[in-house]
Amino acid sequence: MRSRVIQLATLALASLMLLAGGAMAEEATKSAGFWLNMPEGVTAVSRDVYALHMKIVWICGLIGILVFGVMFYAMIAHRKSLGVKPATFHESTLVEILWTVVPFIILIYMAFPATKTLIAHYDDSEPDIDILVTGYQWKWKYEYLNDSGEKVSFFSNLRTPNDEIHNESPKGEHYLLEVDEPLVVPVGKKVRFLITANDVIHSWWVPAIAVKKDAIPGFVNESWTRIEKEGVYRGQCAELCGKNHGFMPIVVNAVSEDEFNAWMAKKQQAAAEIRALMDQELPMEDLMARGEQVYNTSCAMCHGGAGEGTGIAPALKGSKLATGAISDHLAIVVNGKPGTAMAAYGSQFNELDIAAVVTYERNSWGNNMGDLLQPIDVANAKKGQ
Amino acid sequence: MASNQGHASYYVPESTRFPFFAAIGLGLMVLGAGGLLNDRLAQADTSTHTWMLLAGFALLIVILWNWFGLAIRENLQGLNSAQLKRSYVIGMQWFIFSEVMFFAAFFGALFYVRHLVAPWLAGEGDHDGFTNTLLWQGFVSDWGSTVLTPQQALLAAGGEQMIAMNGTFNAALQDMSWKGIPLYNTILLLTSSVTVHFAHHALKAGHKKPFHVWMVITLLLGFSFVYLQGVEYHHAYTEMGLTLGSGIYGTTFFMLTGFHGFHVCLGAVMLTIMFLRSLLAGHFTPDDHFGFEAASWYWHFVDVVWIGLFLFVYIL
Amino acid sequence: MGEHHGPAKGLSRWLFTTNHKDIGTLYLWFSFAMFILGGAFAMIIRAELFQPGMQLIEPDFFNQMTTMHGLVMVFGAIMPAFVGLANWMIPMMIGAPDMALPRMNNWSFWILPFAFLILASTLFMEGGAPNFGWTFYAPLSTTYAPPSVNYFIFAVHIMGASSIMGSINIIATIVNLRAPGMTYMKMPLFVWTWFITAFLLVAVMPVLAGCVTMMLMDINFGTSFFSAAGGGDPVLFQHVFWFFGHPEVYIIILPAFGVISEVIPTFSRKPLFGYASMVYATAAIAFLSFVVWAHHMFTVGMPIAGELYFMYATMLIAVPTGVKVFNWITTMFKGAITFETPMLFAIAFVILFTLGGFTGLMLSLAPVDFQYHDSYFVVAHFHYVMVAGAIFGMSAGVYYWLPKWTGRMYNETMAKAHFWIGFIGFNVTFFPQHFAGLAGMPRRIPDYALQFADLNMMSSIGAFTYGFSQILFLFIVIQTIRNGKPVSDPKVWEGANGLEWTLPTPAPYHTFATPPTIK
Ligand code: HEA
Ligand code: HEA
Ligand code: CUA
Ligand SMILES: [Cu+2]
């Protein structure tokens, strides 16, 4: 009699705990702000993934209730302090077979939806838009591929200011999840991501669209999405890629098709304007101003804010190259130095930016060369090799 | 099968100084090696670390020499029961198995780069060829005829460098043919496996003289193999332009044949020692000669690895 | 021989010993020291993650901490700990005089401190310690690595050599030194699980050695294993690494399965249920572990056939593992259970390991792993199987056999306190990490977005609690050795069975000088 009660009580307790856990997770997902579960997301695939996730949670939960139920029952009812005599059975081929076969069947039951979802996830045929996503230490570059007209490409850097990170000013709402220039995509269109990396492995992850794909230097991976709801979706690099792995977020701005087209037109126009600058002679001040901007976003993290060098890269202030022949200086910026952290910026920047940054480096922090590079020089130098 | 004899006299030495000092030797060696490599990368003076490496190595060798010497003496004194000897046998078998797995890693790498990576870089597979069109234009996957690296193919095709190259790779002028030296080496090594087997038979029959003769032949064959391999490497480096830096072809070629060559040297040293033990110290009887047997197993193992190499590195 | 010889005196006893108990003791203390070291690194990680924002350390140092924590825990704490148990217990359990190759046994141990000295010294080198994660993916660990990587590579080589020698020794002991009548199917499960673990080690440690050797060549000699520009592939690194790495996680857990299979029958006073199926399940797990490695690589862009194959194969592991869990529970069923500390740890093991197994199964579903991968969900998964699995299993084993080793009983009240503080601390640390991961927090980051703040604070508080419980553990062990209550009953535990419990307590310096006969 007594053991009966205990048995029921245990089972009830165990099931309640698990159910409460599961329900809490579901509830919390829906309540805004503080989320505890995988986001359901805004694409068909992400919803499939979420459904599969919840299904497995429930199956495992039920198995857990069963298994731990029996265990707690034994722990309560078969205690030595109750004066029970231990049984001596230690074998039963039947139950052994049973508990081999039943889990196996459960696994097959799980494998079906998993296979289906995976196949859907992998079906990247017939995209409307192709975007080349390239991971750099520590920023993302987006390049819209199948466009007519001017090519559009830009880098997307962390925007959170340093003093927020170092607790010197209050942290904003999107602390560490904000970038200077987000990726913009139209809703309702099939967008294919071609993902690669420049230096080490990164991984492009946006939970709300259930896309995570490794960016592997030298290889192009593919993934895709078709976002259903306008909004801003945030993610982060998901493969350890060095010092600032935690500081290379991803922001996807999903907008209506019209908005997207307008944005694209503006981008193309800006690109055309820059191209126009390419053939011009620019004054020193313009080059210096632009160069400072480029330097601070792209070079300072290794070479130091004042060209003083860091543990990663040598000082440029007074360095042999930065105060030597301008062609050598240009060459290392364009080609990088294979086998070191110094990347080939020739493929990252346009000629204008390269000209500007080299000019800036030669004429700042006490470097006083007085010479300057024009975009056309850079273009010629690139062709020359 | 294992359990019924010899238990009562399993010899457990009271204590031993060898392992601890061997550990010091190994530690010194490794510190030296690590430092040496870093000096090299930093283009600094390498002499201190070179000495450390050599000192550690010397210490290790001296200790292993004495350690094995002690084990041999104990055996001659009759301390080793049949059961203890079986422990040595089992130890050697599993050691060889671990060596097999080491080579498996490199063979696996070869298969992977050759049959999966090369086609992917050339645009095959279910990735719509973007790896090729976006990154490595001009690269074709034809392992074994031209051995241009993706980097060179891209530059040759006038493509723009898209990503950091992480190193520079030269191309070999031609790939290795299996004819000539590799074929001779195959014959040498296969023959030596047979001769070492004859040596074993002679030893088991108690015929020391033929044993020594067969051993000499085996060793001659083994050393000829090493010599020819050296000639081939020289040829590769100086005339074919095939080096460790020749992209993945040179990488897998030299790593596989190099590690094999290193193991041949080890095996040859072992066999030489066994030969000298028998010749100079009169060791080994028809039914107690595990030292020799272990070395001969090792030799057969090295031979089998070579067959794999000959097939997968040279011919196919 | 032996029986009347006691141990040598002083330091030389430990440096030059060939005695399996001495060497076992060395392994155990060494691994505990490494556990403290790895734990200290974890405390630094948790302290930095206590709040959002960078407060204590620099991002690069954080990466060094994560890397060293993983390496030291896996290679320095858990693996040597179980080798220590194997050294102590296997000869006693199969009626052998010692390990089969006693001198090599000493060498296997003594090269380890050198390996870890070298590894730890990288913390003080220019450019810092390895900072590329315990999985050291190329090219972050090759072209972009700090100079200390060369030392790291050699340290791994030495650890590998140590493990291979240790395993060969264990295999030779089990194959060759079983007492008459101790057939394979009579061996205690701990011996069985170690037998299979040793086989896994001999098979995969050389692959790890090959893996780091490839790195060494890429870094120093211009080869292109992991560089696409030369025709290689960074993903090749991952295949080679995980071919080692996945069996490695079962190397970590199988000996713990063995301990649990000894402890549960003892305190249930009932023979282990399904002995034969336990053996076969262990073998099946070991076999499967060789063919599932790429489930760590679902996001690298494998062809879909590869994804599907590795998903199905991985899911299969739930079957033999389930058999083990069910057998343990059925062993308890209708027993006469008492809850001494080893049993508490064993029960917690079964529950928490199963939870970790469930999350493992979730991870094995490729499309969902796209969301879980490299998030804190994975961190939660593997701490459930490695801390609540391997470390709890280890704790159970130490409490279970400590009286046999020392002839003294630990303080049950304090041990129970250790268990409960640890149990609660553990769950407070790692349960919230599931949610942080699901909500999108990547692993290996020194700073995080604001919505993860509460979960991380909870986790850090739990970690400090759990860390404290380990100090308590150290204290209990020392106190037991120095002035625990003496026990002399060979059996120690009422329900204990097996050869080791026929020996006097404390176990004599030399075990079975003449082999016992097993009916
Ligand atoms: C002790 C170590 C250990 C153990 C035992 C396991 C066990 C398992 N692990 Fe885990 N795993 C790790 C250590 C371990 N793992 C580590 C360290 C990592 C991360 C490495 C890194 O990246 O740093 C990892 C990562 C990891 C991944 C990669 C995640 C990612 O990075 O994206 C995956 C994916 O498949 C996985 C799966 C599994 C599975 C299926 C099991 C199975 O063996 C579990 C089987 C057990 C059960 C399922 C529970 C009991 C069964 C029943 C009660 C029967 C009935 C149940 C059902 C039918 C559901 N693990
Ligand atoms: C078996 C192995 C093992 C064990 C036992 C542990 C134990 C612990 N682990 Fe670890 N962990 C790993 C294996 C292990 N871990 C691996 C492989 C990784 C992945 C690494 C990578 O990403 O490359 C990882 C990563 C990892 C992370 C993620 C880091 C990141 O992604 O950046 C975290 C974060 O919370 C963590 C925490 C802890 C904690 C709190 C413990 C605690 O259980 C530790 C408790 C022990 C002690 C605390 C020591 C005893 C006491 C003292 C030292 C005195 C000081 C105490 C106080 C100040 C209270 N671990
Ligand atoms: Cu980029 Cu992590
Ligand atoms: Cu795994």
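Which chains do the residues that surround ligand 1 come from?

## Ligand 1 site

The residues that surround ligand 1 come from chains A and C, so the site is shared between chains. In this predicted model, local features need pLDDT of at least 70 and side-chain atom pairs count only at pLDDT 80 or more, while totals for chains, interfaces and linings use all residues. Residues are numbered from 1 along each chain as its sequence is written, chains are lettered from A and ligands numbered from 1 in the order in which they are written, and side-chain values use heavy atoms, with hydrogens and water left out.

The shell holds 34 residues (a residue is near if one of its heavy atoms lies within 4 Å), and the closest are Tyr250(C), Asp369(C), His373(C), His381(C) and Arg443(C). Polar contacts (pairs of N or O atoms within 3.5 Å) reach oxygen atoms of ligand 1 from a polar side-chain atom of Asp369(C) at 2.6 Å, from a side-chain N or O atom of His373(C) at 2.7 Å, and from a backbone N or O atom of Ser364(C) at 3.2 Å.

## Aromatic pairs

Over all chains, a search of the whole structure finds 103 aromatic pairs (ring centres of Phe, Tyr or Trp, the last by its six-membered ring, within 6.5 Å; planes under 30 degrees apart are stacked, over 60 edge-to-face, the rest tilted). Phe136(C) and Phe152(C) have ring centres 4.9 Å apart and planes at 75 degrees, so this pair is edge-to-face. For Phe136(C) and Phe237(C) the centres are 5.5 Å apart and the planes at 70 degrees, so this pair is also edge-to-face.

Key:
A polar contact is a pair of N or O atoms within 3.5 Å; within protein, one must be able to donate a hydrogen and the other to accept it, and residues adjacent in sequence count only if both atoms are side-chain atoms.
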